[in-house]
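Welcome! Take a moment to look over the sequence and the 3D picture, and then let us walk through a few of the features together.

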Amino acid sequence: MTNTTKLGANGPEVLSIGLGCMGMSGMYGATDDAESIRTIHAALERAPMLIDTGDFYGMGHNEMLIGRALAGGGRRERAVVSVKFGALRGPDGRWIGVDTRPAAVTTFAAYSLERLGVEVIDVYRPARLDPSVPIEETIGAIADLVKAGYVRHVGLSEVGVDTIRRAHAVHPIADLQIEYSLASRAPERAIFPALEELGIGATLYGVLSRGLLAGSKPTAPGDFRAHLPRFTGEAREKNETVVDALRRFAQESGRTPGQLVIAWALAKQPRFVTLVGAKTRAQWDDALGAMEKPLSKDELAALERIAPASAFEGERYQPAQMAHLDSER
């Protein structure tokens with residue numbers, strides 16, 4: 001298995017595992033900026049590396065953190081920076097909607113360029129579909145940024161097949177960011193075949209189902225997973241039974257649970273980038289171990305018998321959030 005893949009027909013070549021930086025800005029509890037920067041530096045020892053962020057992660061904190069990590073040492077040249085935009089938040093951290101109007105797109109990009117300390121964003125994508133703005137207008141605004149030299153490639157996030165086709169008709173789409181894991185396999189039905197047809201890549205986030213598949217549980221104040229269906233009530237109890245089986249399988253195969261589920265994503269979707277959220281160098285090193293121990297066909301089949309999609313209970317978000325996901329329609 002090759003260690004690199006391409007973001008779509010015309011996108012950049014990157015390592016098959018990318019670094020998701022959301023957790024470095026408090027979404028999963030306490031963080032350490034110094035260790036986060038060391039983790040980004042460790043990731044950039046392999047090039048080219050996809051570094052994923054959102055302008056709303058920590059209300060700009062995440063972009064400024066990445067900007068500090070990229071400064072000097074030729075690191076910017078080794079990073080393919082992917083930025084999501086459009087999600088709106090209040091001073092208290094509340095989520096208050098999404099805005100992808102053309103003027104907002106241009107404004108958000110200007111702020112991201114400044115916070116990141118870069119001259120161009122490698123992949124720029126709306127975080128969610130704005131129901132009040134035609135996708136053609138949003139993609140057209142990003143296309144204008146491409147023409148002006150502020151963005152290199154256009155991406156999408158959590159949208160369905162119809163939206164993908166409409167967006168791609170305006171400007172070539174490099175990749176779609178979509179949640180995919182042993183517990184979230186819906187994209188296999190229609191979205192992945194459409195990407196294959198159109199020559200569009202994907203960055204797959206949530207491959208550990210926010211730590212669920214590796215046995216992680218929300219404990220720290222501010223950890224938003226405490227409110228997610230898979231981590232609460234009867235669903236949590238059922239899922240823990242499956243996770244225990246995964247842990248035993250991982251141990252028997254000489255892998256950590258994280259390496260096992262990452263290796264599954266790499267084996268199932270080798271054309272796409274598997275995005276791993278890591279806050280520490282130890283977590284990142286563990287993730288890289290999945291590339292060194294690819295699953296055999298027999299292991300893959302055995303793993304899917306242990307953990308078929310039907311084995312997991314609970315949606316990936318609360319009902320109100322699920323209702324806004326174009327990818328789930």
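Why is strand β8 (residues 121–126) largely enclosed by the rest of the structure? Six of the six residues of β8 are buried, so the strand is largely enclosed by the rest of the structure. Here buried means under 20% relative accessible area, exposed over 50%, and partly exposed in between (1.4 Å probe, protein chains only). Helices (H or I, at least four residues) and strands (E, at least two) are DSSP runs, numbered from the N terminus.

Before going on, please note that this is a predicted model, in which local features need pLDDT of at least 70 and side-chain atom pairs count only at pLDDT 80 or more, while totals for chains, interfaces and linings use all residues. Residues are numbered from 1 along each chain as its sequence is written, and side-chain values use heavy atoms, with hydrogens and water left out.

**Neighbours of β8**

Strand β5 (residues 79–85) runs parallel to β8, and four bridges join them; two strands pair if DSSP finds at least two bridges between them. β8 also runs parallel to strand β9 (residues 151–157), with three bridges between these two. Val123 in β8 stands opposite Ser82, and Val123 also stands opposite His153 in β9. Together, β8, helix α5 (residues 135–148) and β9 make a right-handed β-α-β unit: with the strands pointing away from the viewer, the path from the first strand over the helix to the second runs clockwise.

**Aromatic rings**

The whole structure holds seven aromatic pairs. Rings of Phe, Tyr and Trp (its six-membered ring) pair if their centres lie within 6.5 Å; planes under 30 degrees apart count as stacked, over 60 as edge-to-face and the rest as tilted. Two of the pairs are shown here.

| Pair | Centre to centre | Angle between planes | Kind |
|---|---|---|---|
| Phe56 and Trp95 | 5.6 Å | 75° | edge-to-face |
| Phe85 and Tyr124 | 4.4 Å | 20° | stacked |

Phe85 lies in β5 and Tyr124 in β8, so this pair ties together parts that are 39 residues apart in sequence. Phe85 is buried, at 0% relative accessible area, and Tyr124 is buried at 0% as well. In the other pair, Phe56 sits in the loop between β4 (49–54) and α2 (61–70), while Trp95 belongs to strand β7 (residues 95–98). Phe56 is buried, with a relative accessible area of 9%, whereas Trp95 is partly exposed at 45%. Elsewhere, Tyr180, Phe192, Trp264 and Phe272 form one aromatic cluster.
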